[in-house]
Amino acid sequence: MTPALDLSPAPGAAPFPRMVLAQAGSEVRTMLRNGEQLLLTLIIPVLLLVGFSLAPLVDVGGGRRVDFLAPGVLALAVMSTAFTGQAIGTGFERRYGVLKRLGATPLSRAGLMLAKTAAVVAVEVIQAAVIVAVGLALGWRPHGSFLAAAVLVVLGTAAFSGLGLLMAGTLRAEATLAAANLVYLVLLGAGGVIFPLSKFPEGARPVLELLPISALTGGLRAVLAQGAALPLGPVLVLAGWAVLTLALVSRLFRWE
């Protein structure tokens with residue numbers, strides 16, 4: 001006699017990794033479908049790379065412009081996704097109660113933050129592929145260890161994510177929008193992305209070198225343009241920013 005099939009429902013949460021991947025996929029789709037996010041994360045970096053590589057608008061102090069600019073634009077892409085885009089998106093999710101509702105689901109708040117981190121990394125992979133392809137088409141020939149470059153990107157992502165989440169979790173959404181865009185513009189101009197830090201007054205350089213964008217840009221430039229080993233100075237600066245900002249996030253982030 002054939003045993004009867006048990007067709008009764010079996011309610012329960014999906015496995016934790018599956019929930020994180022599902023939420024991360026949703027986050028990635030949301031970022032890529034948002035026109036403002038796409039402009040910030042892909043279009044602006046590519047336009048800067050192409051425009052400043054082809055036109056002699058900036059004196060990069062010798063060497064080919066694309067070799068100087070490509071590492072800086074990669075750093076800018078990391079900042080645009082991990083900091084600016086994440087700060088603005090998370091800030092408005094907090095304002096509209098999305099974070100509070102998602103945090104009460106079986107995914108949990110820790111799972112939500114892990115999903116957001118995975119989404120940021122996934123978008124950065126897309127950014128890197130596009131920027132490297134454009135750079136190679138412009139004649140860029142990177143040198144050095146790609147593993148060292150990856151370590152710098154991971155540390156930069158942690159530092160910028162901590163800064164973005166700290167801003168999103170403590171300020172009102174409108175204030176986060178204004179502050180994140182202002183910080184983006186300031187770091188773009190003063191972080192060595194387009195203009196060498198040697199062009200700034202000598203007294204300001206030690207301060208500018210402590211900015212996370214300057215550390216990431218300088219580190220990537222040392223590795224990919226000069227073929228250097230993993231530079232200790234930028235690693236320490238980025239690690240310091242990551243530890244400080246993420247520690248503050250764990251204490252100060254408000255979910256509603």
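**Close-up 1. A salt bridge between Lys 116 and Glu 27.** Lys 116 forms a salt bridge with Glu 27, with the closest N and O atoms 3.4 Å apart; the term salt bridge stands here for a side-chain nitrogen of Lys or Arg within 4 Å of a carboxyl oxygen of Asp or Glu. Because Lys 116 lies in helix α5 and Glu 27 in helix α1 (residues 16-33), the pair ties together parts that are 89 residues apart in sequence. Helices are DSSP runs (H or I, at least four residues), numbered from the N terminus. The model shown is predicted, so local features need pLDDT of at least 70 and side-chain atom pairs count only at pLDDT 80 or more, whereas totals for chains, interfaces and linings use all residues. Residues are numbered from 1 along each chain as its sequence is written, and side-chain values use heavy atoms, with hydrogens and water left out. Lys 116 is buried, with a relative accessible area of 5%, and Glu 27 is also buried, at 10%; buried means under 20% relative accessible area, exposed over 50%, and partly exposed in between (1.4 Å probe, protein chains only). Glu 27, Glu 93 and Lys 116 are linked in a network of salt bridges.

**Close-up 2. Salt bridges of Glu 174.** The whole structure contains 5 salt bridges, and Glu 174 takes part in one with Arg 95, at 2.4 Å from N to O. This pair links distant parts of the chain, since Glu 174 belongs to helix α7 and Arg 95 to helix α3, 79 residues apart. The side chain of Glu 174 also meets that of Arg 172 in a salt bridge, at 3.2 Å from N to O. Glu 174 is partly exposed at 33% relative accessible area, Arg 95 is partly exposed at 46%, and Arg 172 counts as exposed at 60%. Side chains of opposite charge can pair when their charged atoms come close.

**Close-up 3. The largest nonpolar core.** The largest nonpolar core has 47 residues, and those with the most contacts inside it are Leu 49, Met 79, Phe 160, Ile 194, Leu 216 and Leu 220; such a core is a set of buried Ala, Val, Leu, Ile, Met, Phe, Trp, Tyr and Cys residues joined through side-chain atoms within 4.5 Å. At least two residues of this core come from each of α2 (35-54), α3 (65-95), α5 (108-137), α6 (146-170), α7 (173-190), α9 (212-224) and α10 (232-252). Helix α3 supplies the largest share, 15 residues. Leaving aside its neighbours within four places in sequence, Ile 194 is in contact with Leu 48, Phe 52, Val 58, Phe 68, Leu 69 and Leu 188, where contact means heavy atoms within 4.5 Å. Another core, of 13 residues, lies apart from it and includes Ala 24, Leu 99, Leu 107 and Phe 253.

**Close-up 4. The kinked helix α2.** A kink of about 35° lies at Ile 43 in α2, shortly before the proline Pro 45; the bend at a residue is the angle between axes fitted to the seven residues ending there and the seven starting there. The buried residues of α2 include Leu 40, Pro 45, Leu 49 and Phe 52, and the buried residues of this helix pack against α1, α3, α5 and α7.

Close-up 5. Pro 71 lies in helix α3 and is buried, at 0% relative accessibility. Although Pro 71 and Leu 220 are 149 residues apart in sequence, they are 5.5 Å apart in space, C-alpha to C-alpha. Beyond its neighbours within four places in sequence, Pro 71 is in contact with Val 66, Trp 140, Leu 220, Arg 221 and Leu 224. Thr 90 also has its place in helix α3 and is buried at 2% relative accessibility; with neighbours within four places again left aside, the contacts of Thr 90 are Leu 99, Lys 116, Leu 165, Ala 168 and Phe 253.

**Close-up 6. Aromatic rings.** The charged end of Arg 221 sits over the ring of Phe 68, 3.6 Å from its centre (NZ of Lys or CZ of Arg within 6 Å of the ring centre and within 35 degrees of the ring normal). The structure holds 2 aromatic pairs, one of them the edge-to-face pair of Phe 253 and Trp 255, at 5.4 Å centre to centre with 75° between the planes. Rings of Phe, Tyr and Trp (its six-membered ring) pair if their centres lie within 6.5 Å, and planes under 30 degrees apart count as stacked, over 60 as edge-to-face and the rest as tilted. Phe 253 is buried at 14% relative accessibility, and Trp 255 is buried with a relative accessible area of 14%.
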